[in-house]
Each structure stands twice: as C-alpha cells, then as structure tokens.
Amino acid sequence: MDLRHHGDTEVGGGLVDLAVNVRTGMPPEWLADIIRDSVGGLAAYPDAGPARAALAARHGRDPGEVLPTAGAAEAFVLLARVLRPRHAVVVHPQFTEPEAALRAAGHAVRRVVLDGDFTLDPAAVPDDADLVMIGNPTNPTSVLHPAAILTALARPGRTLVVDEAFADCVPGEPESLAASRLPGLVVIRSLTKTWGLAGLRVGYVLAEPDLIRTLAEAQPLWSVSTPALAAAIACTAPRAIAEAETWARALTADRDSLAAALSALPGAHVVPHARASFLLLRLPDGESVRTRLRTRGYAVRRGGTFPGLGPDWLRVAVRPPHVMTPFVAELESILRAR
Ligand SMILES: Cc1ncc(COP(=O)(O)O)c(C=O)c1O
C-alpha cells in the first residue's frame, strides 16, 4: 500500500479537481497582499516569535505551547523523530503521512482500523498504546469525533496526537481540542486547506511546553519562512476567523445537499454525518467508475491507498453547486449505463 500517494497526483490534464481538499479560489486577495508585502523582509532570517504569540492568543494558549511548522506534514515528522513510542497506534482510515513519518523514523506501527460508519469506540485502542494518532475531522471519512470520545483516549504515559488540519471546516469548531491542556495531548493544525496555502507550507503544533521545546530543537533552523509566518499572523485576526466561519457555514449547506444527491444514486453509499470539506462514498466497481469519471473530465481521489478502504471507495471534495451539479449528473449517467 502506497502511504505516500496523495490527491495531488490524481489531478492535472485539465480535469476538474475533486481530488485535493484545498479550498479553491484561495488565498483571498487581502491575504495574498500580506504574503506579497512580506517579500520586503526576505533579507532577514525569519522570526517566529510574533506568529507564535498570535497563534497562542487565537487558541487561548501561551506562546510556549505553540510551534509553527512548515505545514502539518513537518509536525508529523518532528513528532516521529523526537518521540520514542514502544507501542504506537494509528487510527485508520486517516491521512497516511502520520504513519509514513513514524515508519520512516524506524517505529513499528499498529493500525486500529475503524469500519461501519467510522465512528470511534475508545475501547478499540489498546490500553498499552503509548502513542495514539487520530484525525478530527478525519480525512478521508469526513467523520468528526466528539471531543469527549477523544479525551477518553488520554491517559498518563500516553501521547495523544489529534490532527485538526480540517477543524476549521466545522462552524464554531465544537469538538476541537486546540484550547485543551490535557496532559500528553498534541494538536496539529494547518492553514493549507481553508486558506488555499498548500504551496506556502504553514501549520503549527499545540502541546505542553516541554514537548514544544523538544520539537523546536529537532526542527531545522528557520524552517517556517517569513511569508508563511506573516500568513499565520494574518489568519488569526478576528476578521479572518469570521471569514473562515462564514465559509464553513456555506460549506455545510453545499456538503449536505451534495451528500443527499450522491446518496440517491444507484448503488451509492455515502459515509453519514460528514463534517469536513469532502465526502467519502462507496460505489460498486468504484475503481472503474473513477476511471470513467476521468474520461469525462473529473478527478476524484481513489480510496484504495487508505488502510481500511479499498478500490470501491472514492473521496470527493465539496465544491460549489455550479461544479457539483454537473458532476453528479455525469456520475449518474455512468452508473445508469452499467
Ligand atoms: C488530514 C490531513 N492532515 C494534514 C495534512 C497536511 O497538511 P499540510 O499541508 O499543512 O502539511 C493533510 C493534507 O492532505 C491532511 O489531509
């Protein structure tokens, strides 16, 4: 199984991109202006201090509890390098980089694979796991685990890593643990998805000061660039948070109507209670449907590279109705032609 396969390798060639979960039409002009303006300061080495303070304030934390990183991806690698788990557990299906980073650092990984509607029973996680990694909301299932279920996973001697790269898809972020000071809890956030900054590389870790210090020592010097730090500060402004919230509400409506339309297609199963910016669906002979969608101009994300899924599973990004209505019509014609 290719853990390093991601949606970006499915796009290109003029296809409509429903494979990558980065918001389209982003970044907004006001944010692009701030990033452009930061170019004037490129002669100096980056100073992460102001971004740390701004990110900490956004989540009601101290600056010593925050480490800006070159995207969430760098955070997974740093954690894998500094932690010494004897029994690491990754809850799947989820984004595969956390497991890839652990394996690359030489750690054995045990998979806990959810099925059914992909909700989590904390009892499924072995008691002796001293590292548990989980996504919330989860890519690719779009399932949002309740904060109470996640906190039930925390215990002395265990590091619990919650990847909240898609947390700002959920209006009000009711299940986010970003402000929580639970011992052993690590929360990873990303600016990639909502702000369309995949190419800038900007995310951050929230954790206890001791672990933040250890991660900072392992991080390459000046890892997060001046433009990325400027974007991090800009996206913590009240105006930016309000803008993201407005988008998250619009996304909710678009996603729920797309889920209803897809569920009505012959043979389609859509994972219920989706809360992120994508839907996971299973179709009979899904891999050949995916191939046929490509001939009709649409790239969707294959599911077969996610542990716990298989080739019948497809992940579809939620785009505005003018994109999704013709997509659903094409998919329906493929399904009815069989
Ligand atoms: C769940 C999840 N976490 C983290 C990432 C990586 O985010 P970043 O671009 O901040 O490295 C992705 C990217 O696809 C993702 O899907």
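**View 1. The lining of the largest pocket, by residue class.** Residues lining the largest pocket divide into 12 nonpolar, 11 polar and eight charged. Here Ala, Val, Leu, Ile, Met, Phe, Trp, Tyr, Cys and Pro count as nonpolar, Asp, Glu, Lys and Arg as charged, and the others, Gly among them, as polar. You are looking at a predicted model, where local features need pLDDT of at least 70, side-chain atom pairs count only at pLDDT 80 or more, and totals for chains, interfaces and linings use all residues. Residues are numbered from 1 along each chain as its sequence is written, and side-chain values use heavy atoms, leaving out hydrogens and water.

**View 2. The centre of the largest pocket.** Of the 31 lining residues, His6, Phe95, Asn139, Thr192 and Lys193 lie nearest the centre. A pocket is an open set of points on a 1 Å grid over the protein atoms alone, where a 1.4 Å probe fits, with protein on both sides within 12 Å along at least five of seven lines; lining residues have an atom within 4 Å of a point.

View 3. Let's look at pairs of N or O atoms within 3.5 Å. One oxygen atom of the ligand lies 2.7 Å from a backbone N or O atom of Ala72. In the side chain of Ser190, an N or O atom is 2.6 Å from a ligand oxygen, and for the side chain of Lys193 the distance from an N or O atom to an oxygen of the ligand is 2.6 Å.

Terms used:
Polar contact = N/O pair within 3.5 Å; in protein donor to acceptor, adjacent residues only side chain to side chain.
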